[in-house]
Amino acid sequence: MKKGFETIFVTGATGKIGSYLCELAEESRVDNFGIHLFVRDPSKLKSFKPYFKIFKGDLTDEKAIKRAMAGCTKVFLVIGGKSCIDSALENNAIKVAKQLKISHIIKISGGNAVTYAGTTSTVGQAHFRNETAIMKSGLDFDIIRPAFFSQNIFRQFLSKNFVCPDSFDMAYIDYRDLARYGWCLLQAAPLNRIHHLSGQKLVSPQQVVSVINRVLGQKLEVVNKPIEWFVTNVPDWYSSHVKLVLEKVAEGTYSVLTNDYEKLMGCPPISFEDTMNLDKKKLAWSVDQNKALWGHDK
Ligand SMILES: NC(=O)c1ccc[n+]([C@@H]2O[C@H](COP(=O)([O-])OP(=O)(O)OC[C@H]3O[C@@H](n4cnc5c(N)ncnc54)[C@H](OP(=O)(O)O)[C@@H]3O)[C@@H](O)[C@H]2O)c1
């Protein structure tokens with residue numbers, strides 16, 4: 001193997017952050033990297049160049065993880081959907097990483113507001129358990145705790161209006177910036193710390209709507225709903241998470257800007273308006289969908 005060559009085990013490549021990370025890997029110094037994609041359904045992957053090796057498997061299956069992680073030097077972990085509440089899944093990958101003496105493990109974790117000992121969010125609990133497992137593993141690591149994704153707002157439209165709770169200034173971050181940051185960490189020596197990533201500026205509901213109206217040429221308005229309304233409009237497995245997120249939003253815990261992104265990347269994260277322009281098609285589709293489910297289908 002060439003000196004400096006890294007082979008990276010990547011999960012979540014059919015999701016938002018993981019698939020963008022793969023795009024960055026494709027554009028990057030490919031001669032210095034090999035990528036092992038660990039996916040449940042390879043048919044969901046975009047087509048990639050041959051230096052991506054694809055391994056079909058589920059994070060429930062330790063043997064499949066071992067086959068895919070063999071020969072890797074680094075691990076990038078991201079998991080989403082309902083699997084987020086089952087800490088055993090990522091933990092299987094952490095266990096294998098330890099057995100294989102992986103040199104650097106990077107995890108996309110939960111938001112800072114919901115990821116702590118004693119959190120009432122099932123999502124936060126699983127993330128916190130796995131952060132702890134990584135730190136106790138003795139492996140070198142970097143953990144990324146993101147703010148609220150800008151793209152979450154695509155699930156907040158009802159009757160062509162933007163539905164949100166009161167007091168809703170958010171430090172929205174684009175998932176692409178998480179992939180960029182993760183890709184940058186993968187190319188560096190481990191920093192062994194938790195990174196807190198927010199977007200560029202706080203954005204109020206009125207500003208969200210002004211941006212959307214500018215981007216789409218529409219006349220949406222802000223419609224406020226109480227916390228209970230959101231909690232009853234998500235699936236049961238997700239409700240403790242949404243409830244805690246909204247309580248933390250009301251306390252102002254989501255209205256915090258950090259400078260970790262700019263310090264490492266040397267430039268600010270994408271602005272909320274740039275995200276909406278980049279995702280204009282999806283935004284227009286979402287407004288028409290009329291689905292205020294905040295995150296997941298019921
Ligand atoms: N949204 C937010 O505001 C926010 C804020 C802070 C942190 N986060 C964290 O960000 C993460 C979500 O990232 P994302 O949006 O990129 O996720 P995503 O788009 O939902 O993608 C999730 C990925 O995980 C894969 N996956 C799920 N279960 C799996 C399993 N059992 N085995 C193997 N792969 C599995 C999915 O594969 P399939 O395609 O097969 O389903 C998919 O590739 C979550 O951990 C979340 O807690 C989100």
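**Ground rules.** I number residues from 1 along each chain as its sequence is written. Because the model is predicted, local features need pLDDT of at least 70 and side-chain atom pairs count only at pLDDT 80 or more, while totals for chains, interfaces and linings use all residues.

**Overall.** I looked up the elements and found 11 helices and 10 strands in the protein chain. Helices (H or I, at least four residues) and strands (E, at least two) are DSSP runs, numbered from the N terminus. Next I checked the radius of gyration, taken over C-alpha atoms. The protein chain has 19 Å, which agrees with the value near 19 Å for a compact globule of 298 residues. That globule rule is 2.2 Å times the number of residues to the power 0.38. Along the principal axes, the C-alpha atoms fill a box of roughly 60 × 40 × 35 Å.

**Seven-strand sheet.** I traced an open sheet in the order β3-β2-β1-β4-β5-β6-β9, with parallel pairing. Two strands count as paired if DSSP finds at least two bridges between them. The edges are β3 (52–56) and β9 (193–197); each has a single partner strand, so one side of each lacks a neighbour in the sheet. From one strand to the next, the twist averages 15 degrees. I then went to β1 (residues 6–11) and β4 (residues 74–77), which run parallel and are joined by three bridges. F9 stands opposite V75 in β4. Helix α3 (residues 87–99) packs on this sheet and touches β1, β4 and β5 (104–108). Its direction makes about 175 degrees with that of β4. Axes are lines fitted to C-alpha atoms, for helices over the stretch in contact, and angles run from 0 to 180 degrees between N-to-C directions. Contact means C-beta atoms, placed from the backbone, within 7 Å.

**Three-strand sheet.** I found a second open sheet, ordered β7-β8-β10, with mixed pairing. Here β7 (157–158) and β10 (222–224) are the edges, each with a single partner strand, so one side of each is left without a neighbour in the sheet. β7 pairs with β8 (residues 161–164) in the antiparallel sense over two bridges. F157 stands opposite F162 in β8. Helix α6 (residues 205–216) lies across β8 and β10, at about 155 degrees to β8.

**Helix pairs.** I took α3 and α4 first. Their axes are 9 Å apart and pack at an angle of about 10 degrees. That makes α3 roughly parallel to α4 (angles under 35 degrees count as roughly parallel, over 145 as roughly antiparallel, 65 to 115 as roughly perpendicular and the rest as oblique). S87, E90, N91, I94 and K98 of α3 meet A126, R129, N130, A133, I134 and S137 of α4. By class, this contact has four nonpolar, four polar and three charged residues. For the classes, Ala, Val, Leu, Ile, Met, Phe, Trp, Tyr, Cys and Pro count as nonpolar, Asp, Glu, Lys and Arg as charged, and the others, Gly among them, as polar.

Then I took α4 (residues 122–137) with α8 (residues 236–251); their axes come within 7 Å and cross at roughly 90 degrees. That makes α4 roughly perpendicular to α8. T122, V123 and G124 in α4 meet W237, S240, H241 and L244 in α8. The contact of α4 with α8 has three nonpolar, four polar and no charged residues.

Notes: Two residues are in contact if their C-beta atoms, placed from the backbone, lie within 7 Å.
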